[in-house]
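The following exercises are to be worked through with the sequence and the coordinates at hand. Each task is followed by a solution in steps.

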Amino acid sequence: MEQKKLLIITYYFPPAGGPGVQRWLKFVKYLPEFDIQPIVYIPENPTYPIVDEGLVKEISDKVIILKNKIWEPYQLASIFSKNKTKKISSGIFPHKKKQTFLDKTFLWIRGNLFIPDARVFWVKPSVSYLEKYIKENNIDTIVTSGPPHSLHLIGLELQQKLNVKWFADFRDPWTTIGYHKALRLSSHAEKKHKNLEHKVLNSADEIIVTSKTTKTEFEAITNKPITVITNGYDVETVDKQTLDSKFTLAHIGSFLSDRNPPFLWEVLVELLKEVPEFKTHLEIKLIGAVSQEVLDALNENQLNDYLNLVGYVSHKEAVEHQRKSQVLLLIEINSDDTKSIIPGKLFEYMVSNRPIIAIGPEGSDFADIVTQTNTGVFFDYSEKAKLKSVILDFYNQFLEGKLQSNGVGLQQYSRKNLTKQLAQLIKK
């Protein structure tokens, strides 16, 4: 039987690094096993804030890749400040109180002139290119993946022009995502965002989201069918790792300003004073981009002596750190807007056999996952005493050489099983 063709429109794909690339890289890997031919459309000359050449090797040899040039204002903005432009494009915004005039200007321009985002100029050339390709290759199903949510506008126009079934995949929410409030939006811009969101959600044939909270949120806007397909973990070919000799608390990924958890630093300071040997073992290991606010907080709490600032590493190295660190930190912004966010790294954390300390707002979707899989302990920002007790317990297990996690029910989050769900949805 001839394979069904699926056109996937995405901005992030190798050599892009970071969490945004993993979802469709892995779906594409397994879709051919379910009789679906993936055709991936990506920009030819993107401005990726993070590059990981190692991920190129993971692209399936069964995928067809289409490329088309993109113009992005980040290319122009980098003339004024390459560093600020790179941080803003990756979602790292300076704290409101510490923003310079240039910071405020960049954020205002990003939020008010480029709606829904800075990749909006790719919409029209993409529609023109893909309209021809779809007709010539008899494609009847497309998927758009956002953010950037401007890619959903490509799907919207193609659906209007052609008889194609359109799935809109939301890796993150649109108008309620945490950084949206930082963009200094005018009332006109905010209204335009909401109108576009409403139009996409009510035009797509089906909507795919990564969390139950986003599904509930979107159900208030549209009657279109919404399916939750979370992110997940893949089988990684990584050599067995020797555990760190220090009691390492490792955070892997972007450590944004608003993720800074003061009560965690307070707990560590108290344990350093109260537990005689703790200072000889503690190491705070930060892997990936770290905001200045987090570094300032560590300095103010006199924790710099215990800091190992590793910086950005390849995905392969990140997985190695997950396997050898003593404890893994998963931290989300303390806001109702972030309850729906399930960080992609959670699923890799879960199969690392290392205990997770997960911190987020009360009612977070990822709290249920951590608890139900027995892979760690969740804390909201009011649970300082509980956090201190658990870290001390983990430390004592570390001293005894018994610290590990014993996850249950993890198979449901394997990339292959998740792709099976996607394939069933696409082919129904």
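**Exercise 1. Aromatic pairs**

Task: State how many aromatic pairs the structure holds, and classify the geometry of the pair Trp24 and Phe27.

Solution. The structure, which is a predicted model, holds 18 aromatic pairs. For Trp24 and Phe27, the ring centres are 4.8 Å apart and the planes stand at 65 degrees. Ring centres within 6.5 Å count as a pair, and planes over 60 degrees apart count as edge-to-face. The pair Trp24 and Phe27 is therefore edge-to-face. As to position, both residues belong to helix H1 (residues 22–30); because they are three residues apart there, about one helical turn separates them. Both Trp24 and Phe27 are buried.

**Exercise 2. A second pair and its surroundings**

Task: Determine the geometry of the pair Phe114 and Phe121, and decide whether Phe114 is buried or exposed.

Solution. The centres of Phe114 and Phe121 lie 5.8 Å apart, with 70 degrees between the planes, and the pair is edge-to-face. Phe114 has a relative accessible area of 15% and is buried. Phe121, with a relative accessible area of 39%, is partly exposed.

**Exercise 3. Rings in a cluster and rings under a charge**

Task: Identify the residues that ring pairs link into a cluster, and find which charged end sits over the ring of Tyr11.

Solution. The cluster consists of Phe247, Phe278, Tyr395 and Phe398, linked by ring pairs. Over the ring of Tyr11 sits the charged end of Arg119, 4.2 Å from the ring centre. Lys386 lies over the face of Phe379, 5.2 Å from the ring centre.

**Exercise 4. The contact of H1 with H16**

Task: Describe how the axes of H1 and helix H16 (residues 415–427) cross, and list the residues that make the contact.

Solution. The two axes come within 9 Å and cross at roughly 80 degrees. Angles of 65 to 115 degrees count as roughly perpendicular, so H1 is roughly perpendicular to H16. On the H1 side, the contact is made by Gln22, Arg23, Trp24, Lys26, Phe27 and Tyr30; on the H16 side, by Arg415, Lys416, Leu418, Thr419 and Leu422. By type, these residues divide into five nonpolar, two polar and four charged. Trp24 and Phe27, the edge-to-face pair of Exercise 1, are among the contact residues of H1.

**Exercise 5. The surroundings of Lys165**

Task: Locate Lys165 in the secondary structure, and name the residues that it touches, not counting residues up to four places away in sequence.

Solution. Lys165 is placed in strand S5 (residues 165–170). Its relative accessible area is 26%, and Lys165 is partly exposed. With the stated residues left out, Lys165 touches Asp140, Thr141, Ile142, Asp205, Glu206 and Lys428. The C-alpha atoms of Lys165 and Val143 are separated by 8.5 Å, although the two residues are 22 places apart along the chain.

**Exercise 6. Backbone features in loops**

Solution. A cis bond joins Pro14 and Pro15, with omega about 20 degrees; Pro15 lies in the loop between strand S1 (4–9) and H1. The bond from Gly146 to Pro147 is cis with omega near 5 degrees, and Pro147 is in the loop between strand S4 (141–146) and helix H6 (150–161). Gln302, not a glycine, has a positive phi of about 55 degrees and is exposed, with a relative accessible area of 67%. Asn374, also not a glycine, has a positive phi of about 60 degrees and is partly exposed at 45%.

Note on methods. Residues numbered from 1 in each chain as written. Predicted model: local features only at pLDDT ≥ 70, side-chain atom pairs only at ≥ 80, totals over all residues. Heavy atoms only, no water. Phe/Tyr/Trp six-rings, centres within 6.5 Å; stacked < 30°, edge-to-face > 60°. Helix = DSSP H or I, 4+ residues; strand = E, 2+ residues; numbered from the N terminus. Buried < 20%, exposed > 50% of the residue type's maximum accessible area, 1.4 Å probe, protein only. Lys NZ or Arg CZ within 6 Å of the ring centre and 35° of its normal. Axes fitted to C-alpha atoms, helices over the stretch in contact; angles between N-to-C directions. Parallel < 35°, antiparallel > 145°, perpendicular 65-115°, else oblique. Contact = heavy atoms within 4.5 Å. Nonpolar A, V, L, I, M, F, W, Y, C, P; charged D, E, K, R; others polar.
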